[in-house]
Amino acid sequence: MVDLTGGSPSLLYVLETRALGLPWLSGWFPGGSAVAVETLGLENCTDLAKAWVLIEPEGKSHLDQAIVMASFGAGQADCVAAATFDPTVVDRDYPNGRQFLLKPARPAAPAEQSCREARRQTAG
């Protein structure tokens, strides 16, 4: 799973999934999305092609979803919302609303090819 909430890493552990990139991709500081792109660049395209993505569009520390997902050849149109979560259940001081768990909507082979193409464009 790729967690782009930038500030709520515990859900991945509750769901018993492996975080791609770093255990926690933080959006609390300037350049957090760039760090996420770099660390996800170390993951293989096979894993990224089938990765679910957790987003929080209104979150105070969310990562730039479009930039990070484009780095591995994906976009929100390539996913479907599978679940929503309310982070205030765990943290009452959390000011913003919903998190969305996005499931890959396209087959793994084209997604993997798209990831490879995105990396070739970045490298060259």
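Is Cys 79 buried or exposed? At 13% relative accessibility, Cys 79 counts as buried. Buried means under 20% relative accessible area, exposed means over 50%, and partly exposed lies in between (1.4 Å probe, protein chains only).

This is a predicted model: local features need pLDDT of at least 70, side-chain atom pairs count only at pLDDT 80 or more, and totals for chains, interfaces and linings use all residues. Residues are numbered from 1 along each chain as its sequence is written, and side-chain values use heavy atoms, with hydrogens and water left out.

**The disulfide**

A search of the whole structure finds one disulfide, a term for a pair of cysteine sulfur atoms within 2.5 Å. Cys 45 and Cys 115 form it, with their sulfur atoms 2.2 Å apart. The torsion about their S-S bond is about -70°, so the disulfide is left-handed. Cys 45 sits in helix α3 and Cys 115 in helix α5, so the pair ties together parts that are 70 residues apart in sequence. Helices are DSSP runs (H or I, at least four residues), numbered from the N terminus. Both cysteines of the pair are buried. Cys 79 is in no disulfide; its nearest cysteine sulfur, that of Cys 115, is 13 Å away.

| Cys 45 | α3 | residues 45-49 |

**Trp 24**

Trp 24 lies in the loop between α1 (10-14) and α2 (32-40). Why is Trp 24 counted as partly exposed? Its relative accessibility is 38%, so Trp 24 falls in that class.

Methods. Helix = DSSP H or I, 4+ residues; strand = E, 2+ residues; numbered from the N terminus.
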